[in-house]
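Let us walk through a protein model together. Keep the sequence and the 3D view side by side as you read.

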Amino acid sequence: MLAPEVSPMSTRLSAGRVPAIYEFIKAHQHQFSVEMMCRLLEVTRSGYYAWLKNPVSKRAQEDARLLRLIRASFVASQGVYGAPRVFLDLREAGETCSKHRVARLMRLNGLRALHGYRTRRWSVGKPSVLIPNILQRQFTVTRRDRAWVTDITYIRTWQGWLYLAVVMDLFSRKIVGWSARSTIHRELVLNAVLMAVRCRRPRGTLIHSDQGTQYGSDAWRRFCRTNHLEPSMSRKGNCWDNAVAESFFSSLKKERIKKHIYKTRELAIADISDYIESFYNPIRRHSHLGGMSPDQFEAAHKPRRRGVH
């Protein structure tokens, strides 16, 4: 019986795919001798017979185990996490694999994080006449309740628009107040900030907004004075002055809403509440916070009280 023809080129191409070579030998062992095929294909007989006893390599077994953990992290994030955040989940659980290995397994198994929307370009606007821009895009602060940002977005429902106002602490990127209503009147903003005030009890906190009419009213300025807040306002037509709030809305819409039109406003409010209170604040890893969630970041940086000696 003639031996199978194996060209030098095919041997070189197969050298890095030993399991595939073993499969070939197994499939043709009744036609050709194992010894001859191993010699021609440049693999050892001992390696082939060891593979027969355990066809799945230890690395493949470890990949399968890691993939189960990766899928659990990916599903828990509702498809939000890419390899960097999944890697942090695994590291926190005590795994020692590399980020590149996580990325490879996710890529091979079709686990792709949701992508954001295109960023719009904005022209530089004029400063507000009523309230100056005190924040000046200084989005990194060193302690909690030093600077907040607030903004409004809208969400589709079959009952009409639902308007959402949020208040975020720039220190931890935590949503400390929010409100959702069927109208965009000033009560929408005041209710969101009132939640933040009751939760955090600020003293001299800067609160930055865009130039919406809700933030330029006399009622807004009186509210800020009464609650020890110092208002700051973006330049007209420049969303970059309030980019952190815009970034949160982008995350909410790509990670939870996903262009979904809610049947009722009540269902939309319940889903938004779940996203903020059960996922974003306590769980969602934030790249700006070194891979920690807002709640974790605040707990890690909580001032320690000095004991009485």
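Strands (E, at least two residues) and helices (H or I, at least four) are DSSP runs, numbered from the N terminus. This is a predicted model, where local features need pLDDT of at least 70, side-chain atom pairs count only at pLDDT 80 or more, and totals for chains, interfaces and linings use all residues. Residues are numbered from 1 along each chain as its sequence is written, and side-chain values use heavy atoms, with hydrogens and water left out.

Stay with β1, residues 147-155. It pairs with β2 (residues 162-169) in the antiparallel sense over 8 bridges; pairing requires that DSSP finds at least two bridges between two strands. In this hairpin, 6 residues lie between the strands, and Gly-160 takes a positive phi near 120°. β1 also pairs with β4 (residues 205-209), in the parallel sense over 3 bridges. There, Ala-147 has Leu-206 as its bridge partner. Of the 9 residues in β1, 8 are buried (under 20% relative accessible area, with exposed over 50% and partly exposed in between; 1.4 Å probe, protein chains only).

Now turn to the helices. α5 (residues 58-76) and α7 (residues 99-108) pack at about 80°, with axes 10 Å apart. They are therefore roughly perpendicular (65 to 115 degrees).

Which residues of α7 are buried? They are Arg-101, Val-102, Leu-105 and Met-106. These cover an arc of only 130° around the axis, so they sit on the same side of α7. The face turned away from that buried side carries exposed His-100, Arg-107 and Leu-108. Just after α7, Gly-110 takes a positive phi of about 70°.

Note on methods:
Axes fitted to C-alpha atoms, helices over the stretch in contact; angles between N-to-C directions. Parallel < 35°, antiparallel > 145°, perpendicular 65-115°, else oblique. Arc of directions from axis to C-beta.
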